[in-house]
Amino acid sequence: MTESSRPTLTFYGAAGTVTGSRYLLKTPTSRVLIDCGLFQGLKKWRERNWHPFPEPASSIDGVFLTHAHLDHSGYLPALVKQGFRGPIFATEATYELCKILLADAAKLQEEEAAYNNRHHTSKHNPALPLFTQEDAQQALKLFEPVKNSASFNDLTVTFSPNGHILGSSYLDVDIGGKHIVFSGDLGRPHDIIMNPPEPPCYADYLIMESTYGNRLHDNRDINDCLADAVSTTLASGGDVLVPAFAIGRAQSVLYTLHKLQRQQKIPYVPIYLDSPMAISATELMIRFNQQHRLSKQQCREMEENVKFLRTVEQSMALNETQFPCIIVSASGMATGGRVLYHLERLLPERRNTIIFAGYQAAGTRGDRLVRGEDSVKIHGRYYPVKAQILNFDFLSAHADRDEMLTWLKKIPVAPKHCFITHGEQESSTAFADTINHYLGWNTSTPSLGETIEL
């Protein structure tokens, strides 16, 4: 490979922030995206979703996805809307989850635009969705599910399990013997449900996430902590609400609650799963049970005392319940979805408990609640925060600093360079320093829009 034909990598997302994963890899014969996610969190980042993609969408030959979460896949319908028509390569489980997530995201986009037009709450007239359900369906038609690897022009991309959620992988992109590895979101070695991440054998260049790059997870026993919080709340006549990511965390929470009830550590009160996406994802656990720790029987048992609320009417009926219960509902950062209606009802009462179960990005409603703000705005109105707010980050699906470092130590030969991405700036910088200190590797934290020659 000559100097002039060396690949380049441009960081169009997940640089300086923990969301919006979008990496454009250019080779002599290919222009492909690794991930195509939405920016989330602070308004300055969310507004970037409305910017046209920096390169013509029609010039991109293909997309490779590490996993289905919207900050990695959610911009696909917008890219299709702008003219992208290439194949989208992902594992079969990622494809099945994207069917759920992209359709739901598009529906929410349309509903939000309709709400803004009815109430004249948008600066745009008329307010339009970022993408439509039709755009989402067009994107899904472009998927080409893969088992282990895919060859495309001058690339061979290998998908290896990284333990984050169903179907999630790190990607080894082989360009004529040069290996560029994208970690995706790295899972935990002792996750409640997922198998531990497999380590890479070799990498010339490594693009490494850093969501928890400056932190360690709480090492308390999750069973004891959750049992204590739930039992205390129910004994006082309160409800427990767990805002949980529909894919991954909701299933871990349900399985843990199931075990605690079986062990008689918490009362047998009703457990409601109020998220159509989470319900569909829970059903996929059985289909793809070979990709996680639970047997098909354990997956079925997990649902024994769970009432699935599929319709809006069923969700609204929870407001009329006269007995304590446990509600698991999306979204996990309380940015939207049915969980907001439960927060409106539960936040003003001291006897209730809200348990967050994972990372809360800066600027999200979940972040404001766990930081202790005394009121939050929901649907245009401020609600006092009197309920107990807990953040059990040991339920997170993300590896912490030491868990990521342990994974990196398993790579037998140091990469030529390690690019630290997908974290808030202080987290990425801290993790780059940690890698340099303990492993002696060359590291950097690329800027948004920066192009690197590999």
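Visitor: In which loop does Ser331 lie?
Guide: This is a predicted model, where local features need pLDDT of at least 70 and side-chain atom pairs count only at pLDDT 80 or more, while totals for chains, interfaces and linings use all residues. Residues are numbered from 1 along each chain as its sequence is written, and side-chain values use heavy atoms, with hydrogens and water left out. Helices (H or I, at least four residues) and strands (E, at least two) are DSSP runs numbered from the N terminus. On that numbering, Ser331 lies in the loop between β15 (326-329) and α11 (339-346).

Visitor: How many helices and strands does the secondary structure of the protein chain come to?
Guide: Helix α4, for instance, covers residues 92-119, and strand β22 covers residues 451-453. For the protein chain, the totals are 14 helices and 22 strands.

Visitor: What is the radius of gyration of the protein chain?
Guide: The radius is taken over C-alpha atoms, and the globule rule is 2.2 Å times the number of residues to the power 0.38. For 454 residues the rule gives 22 Å, and the chain comes close to that, so it is as compact as a globular protein of that length. Along its principal axes the C-alpha trace spans about 70 × 50 × 40 Å. The radius of gyration itself is 22 Å.

Visitor: What share of the 454 residues in the protein chain is buried?
Guide: Buried means under 20% relative accessible area, exposed over 50%, and partly exposed in between (1.4 Å probe, protein chains only). Among the 454 residues, the buried share is 59%.

Visitor: How much of the accessible surface of the protein chain belongs to carbon and sulfur atoms?
Guide: Accessible areas come from the Shrake-Rupley method with a 1.4 Å probe, and for residues only the protein chains shown count as cover. The surface comes to about 18,500 Å². The part belonging to carbon and sulfur atoms is 48%.

Visitor: Which residues touch the most other members of the largest nonpolar core?
Guide: A nonpolar core is a set of buried Ala, Val, Leu, Ile, Met, Phe, Trp, Tyr and Cys residues joined through side-chain atoms within 4.5 Å. The largest such core has 84 residues, and its largest share, nine residues, comes from helix α4 (residues 92-119). A second, separate core of 26 residues includes Val32, Ala150, Leu155 and Tyr205. In the largest core, the residues touching the most other members are Leu79, Phe143 and Phe392.

Visitor: Which residues does Phe392 touch, not counting residues up to four places away in sequence?
Guide: Contact means heavy atoms within 4.5 Å. Phe392 belongs to the largest nonpolar core. Beyond four places in sequence, Phe392 touches Arg220, Ile222, Cys225, Leu226, Ala229, Ile355, Phe356, Ala357 and Gly358.

Visitor: Is Ala14 buried or exposed?
Guide: Ala14 is in the loop between β1 (8-11) and β2 (23-26). Its phi is positive, about 55°, although Ala14 is not a glycine. Relative accessibility of Ala14 is 0%, and the residue therefore counts as buried.

Visitor: Is Asn153 buried or exposed?
Guide: Asn153 sits in the loop between β7 (149-152) and β8 (155-161). Asn153 also has a positive phi, near 50°, in a residue other than glycine. With a relative accessibility of 51%, Asn153 counts as exposed.

Visitor: Which residues is Pro196 in contact with, leaving aside its neighbours within four places in sequence?
Guide: Pro196 is found in the loop between β10 (178-182) and β11 (205-209). The residue is partly exposed, with a relative accessible area of 40%. Its contacts, with those neighbours left aside, are Arg188, Pro189 and Arg293.

Visitor: Which residues does Glu450 touch, not counting residues up to four places away in sequence?
Guide: Glu450 is placed in the loop between β21 (443-444) and β22 (451-453). At 30% relative accessibility, Glu450 counts as partly exposed. With residues up to four places away not counted, Glu450 touches Leu9, Thr10 and Phe11.

Visitor: What distance separates the C-alpha atoms of Asn442 and Pro415?
Guide: Asn442 lies in the loop between α14 (425-439) and β21. Residues up to four places away aside, Asn442 touches Lys416, His417 and Cys418. Asn442 and Pro415 are 27 residues apart along the chain, and their C-alpha atoms are separated by 8.0 Å.
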